[in-house]
Amino acid sequence: MHVGKFLNVYGSVKSIKQSKMVLKITAKRSEMNQKEVDVAIGEFSFVAINDKNKTRKFKPNLKF
C-alpha cells in the first residue's frame, strides 16, 4: 500500500462456540473508479477468559 491509497476493511463473525469466536477479516485496496483488490485476508480466533485466565463460556444472549 502506498500513501494516498484507500484501504477498506471488512469483517464478519464466522463462528461462535462455547468460549471461542472466529472472525474473518478482509482488507481491500480501492482506487477511484476501479474495483477493490484483496490485499490481506485472515481469520482471527478469540477465546473468552475469566479473571483467573481460565476459559469461560460466552453469554447466552450473544448472537451473530
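1. Strands, like helices, are taken from DSSP runs and numbered from the N terminus; a strand (E) needs at least two residues and a helix (H or I) at least four. On that basis, Val 39 belongs to strand 3, which covers residues 37-47. The structure is a predicted model, in which local features need pLDDT of at least 70 and side-chain atom pairs count only at pLDDT 80 or more, while totals for chains, interfaces and linings use all residues. Residues are numbered from 1 along each chain as its sequence is written, and side-chain values use heavy atoms, with hydrogens and water left out.

2. Val 39 is partly exposed because its relative accessibility is 41%; the class lies between buried (under 20% relative accessible area) and exposed (over 50%), with a 1.4 Å probe and protein chains only. Together with Leu 7 and Val 9, Val 39 makes a nonpolar surface patch of about 260 Å². Patches are made of residues with over 30% relative accessible area and no salt bridge, with like charges joined within 9 Å and nonpolar side chains (Val, Leu, Ile, Met, Phe, Trp, Tyr) within 5 Å. Accessible areas come from the Shrake-Rupley method with a 1.4 Å probe, and for residues only the protein chains shown count as cover.

3. Tyr 10 sits in strand 1, residues 6-16, and its relative accessibility of 40% makes Tyr 10 partly exposed. Leaving aside residues up to four places away in sequence, Tyr 10 touches Lys 24, Ile 25, Thr 26, Lys 28 and Glu 36, where contact means heavy atoms within 4.5 Å.

4. In one, the closest N and O atoms of Lys 14 and Glu 43 are 2.6 Å apart. Lys 14 is in strand 1 and Glu 43 in strand 3, so this pair ties together parts 29 residues apart in sequence.

5. Asp 38 and Lys 28 form a salt bridge through their side chains, at 3.0 Å from N to O. This pair links distant parts of the chain, Asp 38 in strand 3 and Lys 28 in strand 2 (residues 20-30), ten residues apart.

How values were computed:
Salt bridge = Lys/Arg side-chain N within 4 Å of Asp/Glu carboxyl O.
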